[in-house]
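Please open the model in your viewer and keep the selection panel at hand. The tour below goes from one selection to the next and says what is found at each stop.

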Amino acid sequence: MTETRWLAPEEQRSWRAFGLATRLLLDRLERDLQEAAGMPPTYYELLVLLSEAPERTMRMSELARWTHSKPSRITHAIAKLEQAGWVRREHLATDRRGWLAVLTDNGLAALQAAAPRHIESVRAHLIDVLTPEQVKQLGDIGEALLKHLLPDDQAST
């Protein structure tokens, strides 16, 4: 059995600051998005993914893959978005078991209404707090972590 490599004081400081800052930032962004648009970040993320997809349409299984969510969670979220009139589900013509999620015009309008307030929140609580060099470093750190954590077929996203 190998010996534990304990964190050095500077590593411990960095780890704890990163963990707490990440939790606080995500909590703030979630609260701001909920207040501004009445939707949790998961719904916003799904609307963004659909808005960027060809014909504003994606397979439900692809939404689950891109959000790293279980299919049942995506099914539940899409059902809620469907109730709001922001998404509709369609059977995939080539696969009777497959479902497509389609962003409706109302869903696109909801996203377009939410996006400015969300971006203001991201700016206020992250981007504008950092120097341009720190923003670049944050991007580099994020990409290094993604390369390590994502499956090989998603590492370039």
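A crossing of two helices is called left-handed if the near helix is turned anticlockwise from the far one by less than a right angle, and right-handed if clockwise. This is a predicted model, in which local features need pLDDT of at least 70 and side-chain atom pairs count only at pLDDT 80 or more, while totals for chains, interfaces and linings use all residues. Residues are numbered from 1 along each chain as its sequence is written, and side-chain values use heavy atoms, with hydrogens and water left out.

**The whole chain**

Begin with the protein as a cartoon, where six helices and three strands can be picked out; helices (H or I, at least four residues) and strands (E, at least two) are DSSP runs, numbered from the N terminus. From the N terminus on, the order of elements is α-α-β-α-α-β-β-α-α, and the C-alpha atoms fill a box of roughly 55 × 40 × 25 Å along the principal axes.

Now select residues 11-147, which the unreviewed UniProt entry annotates as "domain: HTH marR-type"; UniProt positions are given in the numbering used here, feature names are shortened, and annotations may be inferred rather than shown by experiment. Over this range the chain is 71% helix and 13% strand, with its end C-alpha atoms 21 Å apart.

**Helices α2 and α5**

Next, select α2 (residues 41-52) together with α5 (residues 105-125). Their axes come within 10 Å and cross at roughly 115°, where axes are lines fitted to C-alpha atoms, for helices over the stretch in contact, and angles run from 0 to 180 degrees between N-to-C directions. The crossing of α2 and α5 is left-handed.

To see the contact itself (heavy atoms within 4.5 Å), show the side chains of Y44, L47, V48 and S51 in α2, which meet G107, L108, L111, A114, A115 and H118 in α5. By class, this contact has seven nonpolar, three polar and no charged residues, with Ala, Val, Leu, Ile, Met, Phe, Trp, Tyr, Cys and Pro counted as nonpolar, Asp, Glu, Lys and Arg as charged, and the others, Gly among them, as polar.

Staying in α2, select L46, which counts as buried because its relative accessibility is 0%; buried means under 20% relative accessible area, exposed over 50%, and partly exposed in between (1.4 Å probe, protein chains only). Leaving aside residues up to four places away in sequence, L46 touches L63, T67, I74, A77, I78 and L81.

**The sheet**

Which order do the three strands take in the open sheet? The order is β1-β3-β2, with antiparallel pairing, and two strands pair if DSSP finds at least two bridges between them. Because β1 (57-59) and β2 (87-92) stand at the edges with a single partner strand each, one side of each is left without a neighbour in the sheet. The twist averages 30° from one strand to the next.

Between β2 and β3, look for six bridges, and at H91 find its bridge partner W99 in β3. Helix α3 (residues 60-67) packs on the sheet, touching β1, β2 and β3, and its direction makes about 85° with that of β1.

**Last stop: T104**

Finally, select T104, in the loop between β3 (95-103) and α5. T104 counts as buried because its relative accessibility is 14%, and, residues up to four places away in sequence aside, T104 touches R56, G85, W86, V87 and R88.
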